[in-house]
Amino acid sequence: MERIDKSLVYAMESAVIDWSHQIQETLKKESSEPLLQGSNPNPKVELEFWKNRCDDLECIYNQLTTRKVRNMMELLERVESSYIPAFKTMLMDVEAALTEAQDVHLHLTPLKRRLEDVERVEFSEVKPFLLPLLHVVCLIWVTSKHYNMPVRIVVLLQEICNLLIEQALVYLSPEDLLKGDMEESLGKVRMVLGILNMFKEAFEERREKLHMYYEPGQEVREWDFSSTMVFARLDTFLKRLEMVEDLLATSLDLMKLEKIEFSGIKGKTLGQQVLDMYEEFQEAYKVFSERTYDCLDLTNTDFEQDAFGFQQKVEDMDRRLGTIFIQAFDDASNLDHAFKLLDMFGSLLERPVVAADAAGKYSVLISMFSRALDHARLIYSRHIQAELKLGSPLCTRTCRRWLERCAGRRSCERESSCLDSAEGRRVIEKYEEMIQLLDRYQEKLYADWSQTVSEKSQYNLTQPLIRRDPETKLITVNFDPQLVSVLRELSYLSGSRLGAIPPTAAEIYSSKESYRQLAASLELMVNRYNKVLKTVLEVEYPLIQEQLWDINLKLKKAEETLNWKMEGVWDHISMVMDDVHDLEQRIQKAKNNVEEIQTIVGSWASPIFVRRDCKRESLLSLEDCQDRLERRYSLVRESGQRIHLLVKENQSLLLADPASDIWKAYVDYVDEIVLDGFFTAIECSLKYLLENTDPKAGLPPLFEVQLDLVIPDLIFQPSLDPGTNDGFYDVVEGLLNDIYRISSLVPRLAEHSGFLHYQADMEDMADLADMRHELMGRVQAVMAACCDYRSAFDHCSYLYGEDRKEFFRQFLLYGHILTAAEIEAHAENGVPESPPTLQQFREQIDSYEKIYEEVNRIEPISIFQSWMKVDARPFKASLLNVIKRWSLVFKQHLMDHVMHSLSDLDEFIKTADKGLSKKVEKGDYDGLVEIMGHLLAVKERHSVTDAMFEPLKQTVELLKTDEQELPEEVYKQLEELPEKWNNIKKLAIAVKQHVAPLQANEMTVVRKSCAAFDVEQHRFRERFRKEAPFRYSEIITSEKP
């Protein structure tokens, strides 16, 4: 029992040691470890750390205080174990750490909501959330007992900085920052810089006001740690952002180089230099757009090196740009050009290097301004003298505007020390003196104007509203230009401080809006009225003559009695305006309808039949013609319906009587438009066909026919033979009829003409008839040329006209075709047969091969008159096939002869070999007869078979020359059968010798049989002579019983 207790105690003590090591590892963990390891955690890592630490320690504490652990400790105390103090110390450490973790977790929890607010919004909108975030951090510092240590608050602030950097990177998209729009990228960078710097300022502000978070009498613990500890990474990030900002700002400045243009003698040269600099800048900046690195990655030094190299190139450009500015300024011909140069350079002049070079030119600019003021003073003096002589006043407003513009531009020099010089002050005095002179002169002009304005205005207001030109009958608004000038001057004076406006002029000015509206309305009415007179056609005028007469009666008052001052003018004018507007709208609508009709008929002016897919090299597809024709017919029918509706609408618009002569004349006018449209449409299609069938045009063929062999005739498809129904001539004639037929699809507008449609007029058009006649003449000419081409093949007609079987039969019998003379000469006994030799076969086959080559050289495509394509491929293929059949008859006969001869011989050899190989015994008469039969057959074939092999070889060679392949078995037989035949002959000789004794024996037997037969015959003869009856009666008697 004592041994067991010791082992149990040992196990418990070992467990305490293990627990101690594990718990110490947990207690040693700090939230700053990720920062110390070089990572950049955000505040969520801090919150998560303390939450997990609180959970872990609570779990450990619960385990250490369980009943089981307490029993273990009681047992160790009874045995007075040395590990009891260690266990108690460990338990106290866990309790203290748990209390700390719970306190920190509790105080950090409110921070979670503020962090989520920062992460939720876009970085550009994060500024309002930064102060509340720092406010919570301050509260944590003040209220937490365990987190108010510099080391922990610094960690939290560093992690907040990391969060802001992360959000800023997402907002800036570093990979596209230097590749996108520069101005947009610069705006984003400056936005981020402002927010981050504001965060630093807010931190310093909270640091200074930290005492405000403490209760009175409470000990204040300041943030006495260095700001560098908090903002080390943020400051590095800000420095990199400032580098990017400088790069983008510089690039935006240099982008202006593209728009700089110079005038003057050196303008072209200087402009080219600036353009070269711009291209050089583009090339230098391209390095950033081509790089794949992250320009805001603080560990990346490549960007810093590229930026440094870019800055060096920019400094060199600035020096050259300063030199160019000096040259351009020296080349400026006057003050305006100098000011334009300054405006053009703009912010480029603020660059330090350029500004240093340009500083020396400000004094020159002031001198130029001084001379310009002197010149203005001289002009002023001359105008004063001229006014004394001629009475023409000076335009003070123009002079004043020029001086004020110069004064406004002077603001760019105010910052220069040159204005503080004596010359600068003198220029300012000159400017102010000139302004005073113009002000005094303007006051004098105003006084003179005030005395005459009322009288002139009253006179002009009593004039009639409208004037009419007696020659053109056109009208104009009679609002005197002096009244317009007075109203303009009054408008200017109402905003100035020159003095009181005369009452009469003020009254006129107070009514300026009514005058403006009346004048504008009259101007609108006058324009509409004049438009009607100017645009009305001769056929339209009779239709609106009465309406114009009524309007002219109403306008007569405005021409004679109504003036601008009378009451009730607007009521009268509004009625006339309505009438004029109504007439103008109706006439314009009618004209628009006519224009629409012209547009409609103009849409017909395209060829109906064109090449396939409208490609220059394609043919006219007769298969697609019907589809195109139906689409065009449908278009014309719909257009005709629309035209009739538009004409009917015009009748209503022009208030015309359809039975009147003036309306019929108008309809004839529109009818002529439609007639011209049909003429143009038909002419367009005919011209297309004529242009594409012109032999001199050099265009690809338009039509195609096929030449084919339909035994026994050569035919064209479609037929080109004159007088053939549905031939090519009829096809073209049908196309032309279809083209003309479009003019019958629209009912005639001029019903009084007596025609139902327009086709009769089209057929009577001489120009169209001449074009049609010319086209059909070309068709007839090309048909004749194609028929002549077909006749050139008549010499080949025997190939497909003669009977092949009869020809070959005579060739096999006589070696040639019998002539009429041969048949007549041998009429009684018949022509003697003379089978053809192999050479005759060769000659006959070669003749057909020669003909085949000649036919094969026939061109498959022929062009006639440059527009007719004849496709002879079907005819050529058929004729070649016929020739091949002729040649094949002879070749097949030879092939059959070779195969049958060798096959018969092979079969004979097999039969003979089998028969001769049988054993014949003495007395086997049937076997001997069979052997003798085989020997006789071999003897009979001997001479023929010996002579057959060489001719067969020659025949095979002939067939091989003509590319006629024989079965492999034939070559094998031709090689083996001669030897087999020799073997059969040898076997026959041996068998003959073997059966010779048997044959002799059989001959002896036969002789004996013959002799015995003779003896028996003699006996029978003798007996017959003795016993045979010679009388009938004796025969009967002898037969009775």
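Me: How many helices and strands does the secondary structure of the protein come to?

Reply: Helices (H or I, at least four residues) and strands (E, at least two) are DSSP runs, numbered from the N terminus. Here there are 36 helices and six strands. This is a predicted model, in which local features need pLDDT of at least 70 and side-chain atom pairs count only at pLDDT 80 or more, while totals for chains, interfaces and linings use all residues. Residues are numbered from 1 along each chain as its sequence is written, and side-chain values use heavy atoms, with hydrogens and water left out.

Me: In what order do the four strands of the open sheet stand?

Reply: Strands of a sheet pair through backbone hydrogen bonds, either parallel or antiparallel. Two strands count as paired if DSSP finds at least two bridges between them. In this open sheet the order is β4-β3-β6-β5, and the pairing is mixed. Strands β4 (713-717) and β5 (861-864) each have a single partner strand at the edges, so one side of each lacks a neighbour in the sheet. Strands β3 (residues 703-710) and β6 (residues 868-871) run parallel and are joined by four bridges. Opposite Phe703 stands Met868 in β6.

Me: Which residues have the most contacts inside the largest nonpolar core?

Reply: A nonpolar core is a set of buried Ala, Val, Leu, Ile, Met, Phe, Trp, Tyr and Cys residues joined through side-chain atoms within 4.5 Å. Buried means under 20% relative accessible area, exposed over 50%, and partly exposed in between (1.4 Å probe, protein chains only). Of the 1041 residues of the protein, 41% are buried. The largest core has 139 residues, and Trp604, Phe728 and Met868 have the most contacts inside it. Helix α33 (residues 873-916) gives the most to this core, with 16 residues. Another core, of 117 residues, lies apart from it and includes Val142 and Leu234.

Me: How do the axes of helices α32 and α33 cross?

Reply: Axes are lines fitted to C-alpha atoms, for helices over the stretch in contact (heavy atoms within 4.5 Å). Angles run from 0 to 180 degrees between N-to-C directions. The axes of α32 (residues 838-856) and α33 come within 10 Å and cross at roughly 165°. Therefore α32 is roughly antiparallel to α33, a term for angles over 145 degrees. Among the residues making the contact are Phe841 and Tyr848 of α32 and Trp886 and Phe890 of α33.

Key:
Angles under 35 degrees count as roughly parallel, over 145 as roughly antiparallel, 65 to 115 as roughly perpendicular and the rest as oblique.
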